[in-house]
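Hello,

Here is the structure I promised to pass on to you. Have a look at it first, and then read my notes below.

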Amino acid sequence: TLERDLGLALDHGGLSLHLQLQVDAQRRPQGAELLMRWRRKDGSSVPPDQFIPVAESSGLIVPLGEWVLREACLAWHALVRVGHRLPLSVNVSPMQFRQPDFVARVESILQETGVPPGQLVFEITEGLLVDRLDQTVARMHELAALGVRISVDDFGTGYSSLAYLTRMPLYELKIDKSFIRDTPHDKNGTAIVQSILAMAGHLDLRVVAEGVETAAQAEYLGQHGNASMQGWLFHRPMPLDLLVRHLGVVKQIGARRAADAQATEAKVNEAKAA
Ligand code: C2E
Ligand code: MG
Ligand code: MG
């Protein structure tokens, strides 16, 4: 039933995308991830953890993934129009990634929409790195040659070998939220977060911490490296129109802070001169 309804939802506008901002330690927006949402006709929502596996097993993930990519490109333009050039992250499922014409489809959507490839980050999961590694690495290089950036989502939860990290044109690691949940109160979880931060630093990879929910987690991350953060502490995933309004407010606050800082500095200088 889910499979049939999901197909219908794709054809009849039942799917939508939410965006969740990623911020730096000063809470400045650094990018956003697109997350798929499905509301059924009766008003109930089906969580992605339930319908993405169905989409994968039925092959529907291929047209779904393409729809997401196109929507991401439109969203990128919409954000640029309101003054925010934010890289957007898109989840790419293994099945979609392995389609023979995947790279060509990506290239044609980029050309069609005119989005600079470097403004897109493809999030893949470690599952993709377990088998057929040579093929996967070759494909990543093709995408990197286009200029698209590649991120490993839910990093630390898979079973892949660490040696692969140096063989791939990776841009970013996303620390899985299960480790962030245990930080900083649990010694083991914190040790894993710390190790990932150190490794990413040595390999020159960007890091995003997922599922940041508490001030203690944000504080820990702020003091140990310069990971970007994504989580309910900062922003919930929201529809594009809401995000646009929200960013307008963020910009106003930023401008006010800058003006305040300038005024303070002027006063200090005046006092010094006096
Ligand atoms: P993900 O890519 O790891 O996405 C992060 C998930 O964490 C999202 O769940 C997000 O809503 C949730 N999240 C964000 N901040 C917090 C927080 O502070 N605390 C907690 N507990 N959770 C937080 P969501 O939206 O339910 O998506 C679940 C998964 O479904 C995603 O995990 C991704 O693997 C998959 N997914 C979602 N959209 C797509 C898509 O367009 N394509 C594909 N292939 N997979 C998708
Ligand atoms: Mg993701
Ligand atoms: Mg994740």
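In this predicted model, the magnesium ion (ligand 2) is held by Glu33 (OE), Asn91 (OD1), Glu123 (OE) and Asp153 (OD), at 1.9 to 2.2 Å. Donors here are N, O and S atoms within 2.8 Å of the metal (3.2 Å for Na, K and Ca); water is not among the atoms, so sites may look incomplete. Along the sequence, the donor residues of this ion are spaced E-x57-N-x31-E-x29-D. Two of them link distant parts of the chain: Asn91 lies in strand 4 (residues 88–91) and Glu123 in strand 5 (residues 120–125), 32 residues apart. Helices (H or I, at least four residues) and strands (E, at least two) are DSSP runs, numbered from the N terminus.

How accessible are these two residues? Asn91 is partly exposed, with a relative accessible area of 30%, while Glu123 is buried at 1%. Buried means under 20% relative accessible area, exposed over 50%, and partly exposed in between (1.4 Å probe, protein chains only).

Now for the other ion. Which residue coordinates both ions? That is Asp153, and the two ions are 4.2 Å apart. Asp153 is buried, at 6% relative accessibility, whereas Asp154 is partly exposed at 24%.

There is also a helix pair to look at. The axes of helix 3 (residues 61–81) and helix 5 (residues 102–113) come within 10 Å and cross at roughly 30°. Axes are lines fitted to C-alpha atoms, for helices over the stretch in contact, and angles run from 0 to 180 degrees between N-to-C directions. The two helices are therefore roughly parallel to each other (angles under 35 degrees count as roughly parallel, over 145 as roughly antiparallel, 65 to 115 as roughly perpendicular and the rest as oblique). Helix 3 contributes Glu66, Leu69, Arg70, Cys73 and His77 to the contact, and helix 5 contributes Arg105, Val106, Ile109, Glu112 and Thr113; contact means heavy atoms within 4.5 Å.

Residues are numbered from 1 along each chain as its sequence is written, and chains are lettered from A and ligands numbered from 1 in the order in which they are written. Local features need pLDDT of at least 70, side-chain atom pairs count only at pLDDT 80 or more, totals for chains, interfaces and linings use all residues, and side-chain values use heavy atoms, with hydrogens and water left out.

Best wishes
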